[in-house]
Amino acid sequence: MTNTGQRRSRATPKHVKTAERVARALISTGGIGTIIAVVLIFGFLVSVVLPLFSGGEVSEPRAIAVRGSENTIRMEVDELRLIGYTLDRDGTVTVFSLADGGVLERRAIFPDEKVTAWSFSPDGAQCAFGFDDGTIRFGTIGFSFVFLDEVPNELSALRIGESKSFKKGVVIVTPKKQHRLQALKVELGKPLKAANGSIAQIDYSVRPDDKKVFAITTADGALRVIYESVEMDMMTGEDKVVLDPRDIPYERPQGRNAADHIFVNGGATSLVLIWNDGFGQRFDIRDDVPHGAVEDFQLTDTGDTITAARALVGKSTIMIGTAQGKLDAWFAIKPDLVVYGRNLTPRREGNWKYKDQKRFRRPRLIPTKAAEIDFDELEPMPRDGVEFVCGHRLDPADSALVSMSPSSRSRMLTAAYANGSVRTYQVTTESLVVETEPVAGGVHYVALSPKEDGIYALSGESMRGWNFDPKHPEATFGSLFGRVWYEGYNKPDYAWQSTGGSSSFEPKLSLRPLIYGTIKATTYSILIAAPLALLAAIFTSQFLASRLRTSVKSTIEMMASLPSVVLGFMAAIVIAPYLQGGVPIMLAAFATIPFAILLGARLWQLLPTRKAIQWGGFPRFASISVFLPVGLLLATWIGPLLESSFFGGNLRSWLSDSADNQADGVGGWMLLLMPLCLLVVAALNVYFLAPVVRSISRTWTRKQCALFDVAKLLVQTVVVLLLAWGGAKMLGAGWMEWIGLDADPRGGVLGSYNQLNALVVGFVMGFAIVPIIYTLAEDALSSVPSQLREGSLGAGATPWQTAWRIVIPTSMSGLFGALMVGLGRAVGETMIVLMAAGNTPVMELNMFSGFRTLSANIATELPEAVQGDTHYRALFLAALVLFAMTFCINIFAEGVRRVFRRRFADL
Amino acid sequence: MLQQKTIQPEIDMITHQEDRLGGVFDAVKRDDTFPTAVHDALHQEDAVIEVNDFDLWYGAKRALYSVSLVVPRRKVTALIGPSGCGKSTLLRSVNRMNDLISTVRIKGDMVLNGDSIYDPGTDVIELRKRIGMVFQKPNPFPMSIRENVVYSLRIDGVRDRGVLEEVCEQSLRAVGLWDEVHDRLEDSALRLSGGQQQRLCIARAIAGEPEVMLLDEPCSALDPIATQRIEDLIHELQGRYSILMVTHNMQQASRASDYTAFMYLGRLVEFGPTEEIFLKPHLKETEDYVTGRFG
């Protein structure tokens with residue numbers, strides 16, 4: 001019996017079932033696929049990053065039948081590790097095959113001369129020799145190759161990659177089936193007369209203008225700097241090398257023989273003499289007119305003696321190896337702890353530094369207040385403003401260091417010890433990359449191959465060779481996240497600088513400045529976006545009529561559709577230059593715009609009740625747009641006023657602490673104290689003033705109340721200003737100097753002004769994340785059950801009381817979520833910071849300085865990074881850190897949201 | 001046009017009964033107002049609220065047709081009538097909750113103890129402080145029981161602990177909740193049962209010392225036992241508070257109220273002492289409704 005005469009089929013039709021199954025399959029694949037994709041991305045990042053932390057590897061040693069002796073002054077292998085040569089003290093060069101140790105060539109390169117001094121550049125095959133007759137010769141001893149045009153029969157059986165000794169070299173078949181003959185090439189310049197006596201030590205360096213600068217000591221104790229220049233001979237048309245020797249006015253220290261080592265630094269600005277007992281002297285050779293020693297130092301601990309000294313690539317760092325097995329890196333720094341005469345009373349002109357801070361100490365900062373300086377602890381800076389300090393001490397061995405071989409391309413160094421052990425270090429990170437089994441019979445000379453892929457140790461009996469893979473020695477946990485004392489830096493520091501111009505450049509891969517920049521960008525943008533977005537959301541959801549609400553909401557949401565590259569472009573091209581012209585006005589606007597709007601609200605209350613209620617809708621809303629420009633106008637008036645009265649007329653010169661702006665720190669402290677004073681005054685108002693006012697104002701008319709409110713606002717503003725001014729006077733003008741309270745506000749959040757700075761990024765990125773925070777917060781506020789709102793309003797609460805006491809607490813989880821989503825967006829945002837943050841990886845609190853974020857760094861550098869090398873992996877680590885940061889933010893946000901949600905679960 | 005369409009079916013439904021009924025349906029058909037049948041007993045009552053020729057529109061739709069009504073002081077007045085007759089609208093007009101809906105337009109006025117409610121110079125916040133309201137669904141705020149009760153004092157800025165304690169206890173005692181919750185005043189109010197929550201809401205309204213209380217179907221979301229307790233409570237409050245109550249439930253109206261007003265399609269049809277309305281109404285329409293012949 002049916003109603004309609006139709007019978008409903010009970011069986012589910014087949015196509016419905018199929019659709020159900022397909023939908024189920026699609027949805028679960030999609031869901032699981034997403035999870036798998038995220039895990040895979042994470043796994044991929046980790047797999048690229050992990051090799052960074054694996055240590056170097058070295059193979060089992062291979063014996064090569066080559067003998068060395070104590071007379072060996074040089075051993076080198078070629079970049080393909082086919083042949084090597086040794087150079088003996090008597091000028092004999094022996095070329096041998098690394099495959100079997102067979103001697104390919106032996107010849108004397110100085111048949112008629114006696115070598116007394118030699119110097120080899122760490123980054124190439126160039127060398128300089130000094131002879132007993134006072135001449136010097138410059139030249140190259142290195143490897144060269146030729147491709148054989150005709151393949152001799154004996155080599156025709158070679159296959160790709162195989163090699164065989166041939167004539168004076170070794171032939172290898174390249175992947176293109178060419179026969180490449182690797183051989184030694186010796187080119188020596190003509191002997192040039194440099195001194196009258198025998199030359200004891202020689203070193204040279206090249207100045208930025210490409211002139212060579214030689215430094216020699218002679219057996220009779222003279223120290224001489226020789227500037228080499230090339231002139232064309234007018235008669236023959238040939239280039240002619242002209243030497244211009246200048247004696248350094250120098251007396252050998254009492255009781256000392258000739259120095260044992262001489263170094264001219266890269267760029268030839270200073271010269272260092274070192275004696276084997278550890279004593280050293282440095283000379284300033286920047287000018288053509290030489291000066292005497294500018295500083296003396298002791299390079300070793302007492303009782304220790306130097307057994308080897310070599311310069312690292314770039315010739316800025318000198319490695320000192322000692323009999324006790326210690327290995328230290330010394331380099332010159334330009335300390336920024338210089339005290340200028342103008343800060344001191346009584347005036348002591350000149351630059352000063354702490355004494356005795358050469359060894360393993362961070363340079364100390366000299367206090368800026370003259371009263372706190374103890375001049376007994378100080379000594380004048382060397383005249384060139386440079387100080388020679390010990391920056392690194394490598395893991396010491398328990399036997400004397402015998403020989404060192406710096407890498408020609410990085411800050412790696414292989415060292416051999418008397419007990420036969422061979423260690424390879426990364427100097428900057430102070431890490432021991434590998435240590436080999438001790439070589440029986442001790443080592444005379446050690447060499448690191450040019451491509452850092454082999455280590456060769458020459459002993460009296462034979463030569464040992466190891467295949468070597470340093471992996472990523474520049475990257476340690478410490479160097480990626482901690483402070484590292486880079487060559488030329490004043491102190492251990494966080495630095496990111498992945499590429500540089502010169503061949504001796506050292507990559508600096510600390511992620512800290514980038515993490516700092518990311519946090520800074522996020523902080524400033526959230527500081528600007530959060531109040532705006534949340535207040536806007538509260539305003540539209542609680543105070544605005546629903547008709548206006550929808551249009552306001554969709555307008556703000558439209559802001560989100562602006563591509564961030566456009567915002568970044570606007571920030572860099574329009575906003576930053578504009579703000580630069582009006583920093584004081586902008587700072588003043590932070591105070592005057594809220595003030596103007598508050599004043600407007602107070603004045604509104606002065607309207608007759610009837611009018612106020614009648615105009616409560618759109619006219620009131622529109623009046624806000626009247627007081628906004630009033631606030632701006634006020635700022636254009638107050639900003640310059642502030643600038644002239646507190647900042648010596650120029651805020652930017654005050655910020656950069658330039659010498660011609662003598663204004664004290666009062667203005668800066670006022671800026672910083674203002675928000676604090678505002679909070680104090682607000683709290684006083686709420687807790688003490690408000691109850692009193694409430695009890696006495698019961699009998700007042702509406703007009704009286706409104707007038708009182710206007711007066712209160714003005715008085716409060718004055719009180720805030722006075723409080724801030726008083727506090728600033730105490731801190732910045734030396735009023736409290738007697739209890740040691742005297743500080744300069746610069747150096748913290750205030751500092752010298754850059755056009756592209758954190759505030760600009762804060763404004764623009766804030767603008768970019770306002771819509772997302774606003775939308776989510778508005779939704780959260782609107783989703784509070786209407787009966788709660790009605791209940792509160794019905795009890796006589798004002799809309800603001802309802803919002804503050806009921807709606808906001810109830811929607812807290814949503815509001816928090818909105819903030820966190822905004823934060824996540826800000827952390828990962830790339831284009832705006834790329835274009836508007838200046839991209840300098842500095843770590844400064846200063847709101848007027850730029851920075852570089854993880855995301856911008858990845859975007860700029862990944863395209864140029866070589867796949868698989870340290871830089872590339874470090875960038876992936878940056879990505880992983882970024883991933884971890886957003887992940888943590890999300891986890892934290894979810895946790896907090898759960899807490900809030902549980903609290904209101906019964907709603 | 002719109003209003004014609006929406007009421008057309010009802011008119012069709014009732015026209016065939018036209019011969020037995022009075023003028024209400026006529027008025028509905030003409031889209032006109034209807035003179036309320038007011039019983040004599042009301043003339044002796046002191047009015048806490050007077051509603052004078054009150055009209056209300058939701059956009060183009062008219063919801064109240066020239067309603068005039070007197071809410072007697074310290075008595076319980078029940079508004080009854082079928083769904084959509086405007087009971088709740090009328091109730092929510094008293095404390096201007098309808099202001100929250102931007103499309104609402106009104107004509108006419110109401111007077112609360114001599115003060116106009118709809119005068120442009122009336123401060124709505126002040127007005128609402130004089131009127132307590134209890135809603136259909138219990139709506140305790142997501143805070144502690146204590147804070148819920150003293151909410152109206154909190155928003156007035158009262159900080160005196162003694163006063164707050166006193167008001168909290170008195171209000172909770174008045175709704176019979178004190179014995180049940182006095183040892184867990186700091187607990188979240190959301191953990192109470194539905195009936196307790198509604199009594200808490202009544203306590204919250206009482207704490208504000210209102211001049212009149214509006215109950216908007218206070219039992220419609222409750223189970224029978226909780227309903228019984230609320231009705232008993234209303235009974236207890238009778239004589240102490242002026243109460244205007246909307247109810248769907250005719251037994252409730254007959255049990256708990258002193259006066260009953262019958263509304264139909266936006267018109268106030270008949271208004272008199274509850275007994276008279278239920279036992280000997282002046283109009284046939286009222287009789288039909290209270291005896292369940294339509295509605």
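## Helix packing in chain A

A helix axis here is a line fitted to C-alpha atoms over the stretch in contact. The model is predicted. In chain A, the axes of helix H3 (residues 512-543) and helix H14 (residues 799-810) come within 11 Å. They cross at roughly 110°. Angles of 65 to 115 degrees count as roughly perpendicular, so H3(A) and H14(A) are roughly perpendicular to each other. Their crossing is right-handed.

Which residues of H3(A) and H14(A) meet? From H3(A) come A:Ile538, A:Gln542 and A:Phe543. From H14(A) come A:Pro799, A:Trp800, A:Ala803, A:Val807 and A:Ile808. Seven residues of this contact are nonpolar and one is polar. None is charged.

## A loop asparagine

A:Asn846 sits in the loop between helix H16 (831-836) and helix H17 (854-861) of chain A. Is A:Asn846 buried or exposed? Its relative accessible area is 3%. Buried means under 20%, so A:Asn846 is buried.

## The interface of chains A and B

The size of an interface is often given as the accessible area lost when the parts come together. Chain A and chain B bury about 2500 Å² between them. Carbon and sulfur atoms account for 58% of that area. In chain A, the residues that lose the most area to chain B are A:Gln787, A:Glu790 and A:Arg805. Together they make up 20% of what that side buries.

The contact takes 29 residues from chain A and 30 residues from chain B.

Key. Residues are numbered from 1 along each chain as its sequence is written. Chains are lettered from A and ligands numbered from 1 in the order in which they are written. This is a predicted model: local features need pLDDT of at least 70, side-chain atom pairs count only at pLDDT 80 or more; totals for chains, interfaces and linings use all residues. Side-chain values use heavy atoms; hydrogens and water are left out. Axes are lines fitted to C-alpha atoms, for helices over the stretch in contact, and angles run from 0 to 180 degrees between N-to-C directions. Helices (H or I, at least four residues) and strands (E, at least two) are DSSP runs, numbered from the N terminus. Angles under 35 degrees count as roughly parallel, over 145 as roughly antiparallel, 65 to 115 as roughly perpendicular and the rest as oblique. A crossing is left-handed if the near helix is turned anticlockwise from the far one by less than a right angle, and right-handed if clockwise. Contact means heavy atoms within 4.5 Å. Ala, Val, Leu, Ile, Met, Phe, Trp, Tyr, Cys and Pro count as nonpolar, Asp, Glu, Lys and Arg as charged, and the others, Gly among them, as polar. Buried means under 20% relative accessible area, exposed over 50%, partly exposed in between (1.4 Å probe, protein chains only). Buried area is the accessible area (1.4 Å probe) that two parts lose on being put together, summed over both.
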